[in-house]
Amino acid sequence: MKEKKPETSLGVSSAVSISVLGGMDLVSDPSLTLFLLWSIEFPVVVIIYSFLRKAPEKCSCFRAYGRIILGLISGAFLNALGAVSLGAPIGTQYLPKTVHWSFLMSVFTFVPATAVFGASWTDWHRVFASMKPSGNVEYMILIPAYGSIIGAWFGAWPMPLDWERPWQDWPICVCYGAIGGYIFGQFVSLCLMFFLRKDQHLKVA
């Protein structure tokens, strides 16, 4: 009986947890819902990706957890900076929403790569800038990350429209877009992994 590889169940577990949590009401209490989303998804991502880290003999679990927390905070700061630069509202009433949205985006984008690559600029550049992933794990890092960013971008489009709907408020529709893009990216990467593995088996045969 073949052992089930961790990267195969990776997308399923993350996507299921996000889809279940995504059923919470972002409209009535976005700050609390966003906090629950990222705080529950974060340990799921950490546990799975930390076992897939590169050179585990040189990087202990405790060191990996330390750099993951650093990656979470750094990613949240960069996401918040990017959101504000692109027009996210600034003010005390929006600060908790922006902070928790930024942490959620960091879990989607920075945390998996930090867990696997650490501070290896070569791997970061190859996967995210050159878009040349090698292996199943790197596809599981790249595609959902870009999916969440593109989803957030498209989710922001209804915000300036004069529909006067409560879900148009920051960052509700952006968050829906990011979650949808992340889940879609997970399934795309899983399908790509399946076809690549099938193609390899055909070549071997």
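The model is predicted. Its mean pLDDT over the chain is 85. A score of at least 70 is reached by 84% of the residues. Helix 1, residues 6-21, has the lowest mean, at 53. Helix 4, residues 95-117, has the highest, at 95. Where pLDDT is low, predicted coordinates should not be read in detail.

Charged contacts come next. Side chains of opposite charge can pair when their charged atoms come close. The structure holds five salt bridges. One of these joins the side chains of Lys 54 and Glu 138, at 3.4 Å from N to O. The two residues belong to distant parts of the chain, 84 residues apart. Lys 54 sits in the loop between helix 2 and helix 3, whereas Glu 138 is in helix 6. Their surroundings can be stated as well. Lys 54 is partly exposed, at 37% relative accessibility. Glu 138 is buried, at 4%.

Glu 138 also meets Arg 126 in a salt bridge, with 2.7 Å from N to O. Arg 126 lies in helix 5 and Glu 138 in helix 6, so this bridge ties together parts twelve residues apart in sequence. Arg 126 has a further partner, Asp 123, at 3.0 Å from N to O. Asp 123 and Arg 126 are three residues apart in helix 5, and are therefore separated by about one helical turn. An α-helix has 3.6 residues a turn, so residues three or four places apart point the same way. Asp 123 is buried, with a relative accessible area of 12%. Taken together, Lys 54, Asp 123, Arg 126 and Glu 138 are linked in a network of salt bridges.

A pair of aromatic rings is described by the distance of the centres and the angle of the planes. The count comes to nine aromatic pairs. One of them is formed by Phe 108 and Tyr 182. Their ring centres are 4.0 Å apart and their planes stand at 15°, which is under the 30 degrees set for stacking, so the pair is stacked. This pair links distant parts of the chain, with Phe 108 in helix 4 and Tyr 182 in helix 7, 74 residues apart. Phe 108 is buried, with a relative accessible area of 1%. Tyr 182 is buried too, with a relative accessible area of 1%.

Phe 128 and Tyr 146 form a tilted pair. The distance is 6.4 Å centre to centre, and the planes are 45° apart. Phe 128 lies in helix 5, residues 121-129, and Tyr 146 in helix 6, so the pair ties together parts 18 residues apart in sequence. Phe 128 has a relative accessible area of 18%; because the cut-off for burial is under 20%, Phe 128 counts as buried. Tyr 146 is partly exposed, at 29% relative accessibility. Both residues belong to a cluster linked by ring pairs, together with Phe 110 and Trp 124.

A nonpolar patch of about 450 Å² is made by Val 27, Leu 161, Trp 163, Trp 167 and Tyr 176. Of these, Tyr 176 lies in helix 7, which covers residues 172-204. Tyr 176 is partly exposed, with a relative accessible area of 36%.

Val 44 is partly exposed, at 23% relative accessibility. Val 44 and Val 107 are 63 residues apart in sequence. In space, their C-alpha atoms are 9.9 Å apart.

How values were computed
Residues numbered from 1 in each chain as written. Predicted model: local features only at pLDDT ≥ 70, side-chain atom pairs only at ≥ 80, totals over all residues. Heavy atoms only, no water. pLDDT = per-residue confidence, 0-100. Helix = DSSP H or I, 4+ residues; strand = E, 2+ residues; numbered from the N terminus. Patch = residues over 30% accessible without salt bridge, like charges linked within 9 Å, V, L, I, M, F, W, Y side chains within 5 Å. Areas by Shrake-Rupley, 256 points an atom, 1.4 Å probe, with all protein chains shown as cover. Salt bridge = Lys/Arg side-chain N within 4 Å of Asp/Glu carboxyl O. Buried < 20%, exposed > 50% of the residue type's maximum accessible area, 1.4 Å probe, protein only. Phe/Tyr/Trp six-rings, centres within 6.5 Å; stacked < 30°, edge-to-face > 60°.
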